[in-house]
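Hi there,

Here is the structure I promised to pass on.

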Amino acid sequence: MEKQITVRFPIGAKLIIIVSFLIVISLGSITYLVNYFVSDDVRVTAENTNLDANARSANAVESSFTTLQANALLLLDFIGSADLQDSTEKDASSLYFVHNPDVAAVLLLSKENFMYGNYNLRMVNEKFFIRHELDESGIESFISTERETVEKVFLGEVTILNATAFFEFGMVALAVPRKSQDGKTDAVVIFASSEFLMNSFGQSSTSVSFVINSRADILVHPDFDAMRMNVNLAETPLIIQMRKNNDENRQILFMDSDGKEYFGAYRKIALGDLGVITTVQSEIIFENVRNTTKRNVYLGLAVLFVSIIFVWFWSMSLSRPLVTLTQASAQIEAGNYEIHLVPKSHDEIGMLTQSFGKMSVGLAERERLQDTFSRFVNKTIAEKSAKGELALGGETKVCTIFFSDIRSFTAISEKLEPFEVVEFLNQYMTRMVECVNKTQGTVDKYIGDAIMAVWGTPISSEDPGTDALRCIRAALMMRHSLREFNVGRGGDKKPIIRIGCGINTGPVIAGQIGSTERMEYTVIGDAVNFASRTEALNKPLHTDILITENTYKLVKDYVLVEQMPSVTVKGKSRPVQMYAVINMPYADDIPGAGKNGPKTMSEVRKLLGMDEPDLGTVNLDEDEKKYKIQGQ
């Protein structure tokens, strides 16, 4: 008898000493160092810096737009102050663009001419358009698109708009009112590059500054795509607060749509009701705090490393056996159960090693038994039986039963040698059973060349309709798989294989049936007989998949079928209706089915190489037959 190992040095005592030492040294040191290095003034300093940057940017923006307006109005006053020659007017505009190289164009519009799409004065900086390879047609496109906004300028309103999308270049349009000599209000539209505005207030490595107009459209932004797409920020938290508050400038803490926290400072500008925004991510603000935390972690790791060196000498008796057990566990997981472990200590690890060795022997015996058992019994049945999940005796369930049969199998087998029959049947059955397994079905039995399968027991979706759909999916998969199987076949030794499938849904008795010496899990009942008889009707109807009315009612919303003539089935008091399955229109994952699958039964017959039947001469009642099923 194998000697039983006793515990001399409990693992618990070892772990208490080691873990206690690590916790006291590591956590105590880290807590002390964190409290020593953390500073409380990082936030205040960063907020003040961000607010100052926003103030500088706002001043630069206000100055830039004010200068744009003043210079343009001065030019127009000069041109309109005297009766100038065309050459003098041209010289004045050229001199203006020399001193204002970032201005693309200046338009003077009177209300009367604007109604007809005309300009009082149109001065274009041709060098600007040539230098940036721009098209002047963007001016007309902008005026046409923003017509309603420009009309408000005649009422004395100043507005600034984003014109980037019209030029594919950073551009803003400043529209201001101007009193004409006759006392009427004209509109002056100034197109200028947004780059000079960006350069005027600059950008920080940590903060981002940008400008929005009265509609909360982005005017100037470091991200060109944001300007090109004319992004509107009206619904962002910072802009909502800015519009809501009556103050001119403030800094708030907000969170963007990605969940990132920012400090945002804003300043309002009276000209055009602009807003200058400067934001900085709080994560950047607290970078110094994180650096302090890193130093604490590094010091803690150093302490922990020293502790690990100390613990290592204590853990050798624990780690080596555990490594051996881990390697053994990996081998068992990979399917290698032939493991021989020898205990080397007299503690809990030694007892675990001994038990682990015994367990591997038991698992090897169980695996051999289950592997052998599953070759003769359905794998699902074998696994559930081994786990004790199959109920003893019988139980009533609503299932979908499937039968398939090879057409003219007797004639085919007479032309083949016995080993050839077995070989081709094994190839055929492998393909068909794979379709059953993929759809959570269970092969009940093989009846010569026929297959009987069931959906709803012992694996069930708890919904008869779902089980029925899975069965039909399996049949459609078989249709496609059989077509692949027939590729390259033809002749006596490799004949073309055609099958018929019968499907019925109904109550059955499912359970382990047989004698005390041999039992098998199967289903019995009238629904099984009906499925068998349904399969036999494929031959006279020239179909490959037939379902009964019971199944059709469950799947009619998902399956494309063709109604067949009714037939009187043995055991039924009235004729029953059959349906030939054409396709599952929404099952694009099934090869040969889905939206690209057949639409009519004629297409199915043509696809499978079957002739069209003369249903007027077919007597289905005479052709109706039944397989002899064990247990029926």
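A word on terms before the findings: contact means heavy atoms within 4.5 Å, and helices (H or I, at least four residues) and strands (E, at least two) are DSSP runs numbered from the N terminus. Axes are lines fitted to C-alpha atoms, for helices over the stretch in contact, with angles running from 0 to 180 degrees between N-to-C directions. Please keep in mind that this is a predicted model, in which local features need pLDDT of at least 70 and side-chain atom pairs count only at pLDDT 80 or more, while totals for chains, interfaces and linings use all residues. Residues are numbered from 1 along each chain as its sequence is written, and side-chain values use heavy atoms, with hydrogens and water left out.

Let me start with the sheet. Five strands make an open, antiparallel sheet in the order β2-β1-β5-β4-β3, where two strands pair if DSSP finds at least two bridges between them. The edges are β2 (121-124) and β3 (159-162); each has a single partner strand, so one side of each lacks a neighbour in the sheet. From one strand to the next the twist averages 15 degrees. Within this sheet, β4 (residues 171-179) and β5 (residues 185-193) pair in the antiparallel sense over nine bridges, and Met171 has Ser193 of β5 as its bridge partner. Helix α6 (residues 137-145) lies across β1 (103-109), β2, β3, β4 and β5, at about 130 degrees to β5.

Next, helix α17 (residues 418-438). Its 21 residues reach 30 Å from first C-alpha to last, close to the 30 Å expected at 1.5 Å a residue; the expected span is 1.5 Å times one less than the number of residues. Among its buried residues are Val421, Phe424, Tyr428 and Met432 (buried is under 20% relative accessible area, exposed over 50%, partly exposed in between, with a 1.4 Å probe and protein chains only). Seen down the axis, the buried residues of α17 fall within an arc of 160 degrees, so they line one face of the helix; the arc is that of the directions from the helix axis to the C-beta atoms. On the other side, Phe419, Thr430 and Lys438 are exposed. The cover over the buried residues includes β11 (394-406), α16 (409-414), β12 (442-447), β13 (450-455), α18 and β14.

Helix α19 (residues 526-536) is mostly covered, with 10 of its 11 residues buried.

Finally, the salt bridges. Taking a side-chain nitrogen of Lys or Arg within 4 Å of a carboxyl oxygen of Asp or Glu, the count comes to 19. Here are some of them:

- Arg178 and Asp77 meet at 3.1 Å, N to O. The pair links distant parts of the chain, with Arg178 in β4 and Asp77 in helix α2 (residues 42-80), 101 residues apart. Arg178 is buried at 14% relative accessible area, whereas Asp77 is partly exposed at 41%.
- Arg407 and Glu535 have their closest N and O atoms 3.0 Å apart. Arg407 is in the loop between β11 and α16 and Glu535 is in α19, so the pair ties together parts 128 residues apart in sequence. Arg407 and Glu535 are both buried.
- Asp444 and Lys445 come to 2.5 Å between closest N and O atoms, and both are buried.
- Arg122, Glu136 and Glu140 are linked in a network.

Happy browsing!
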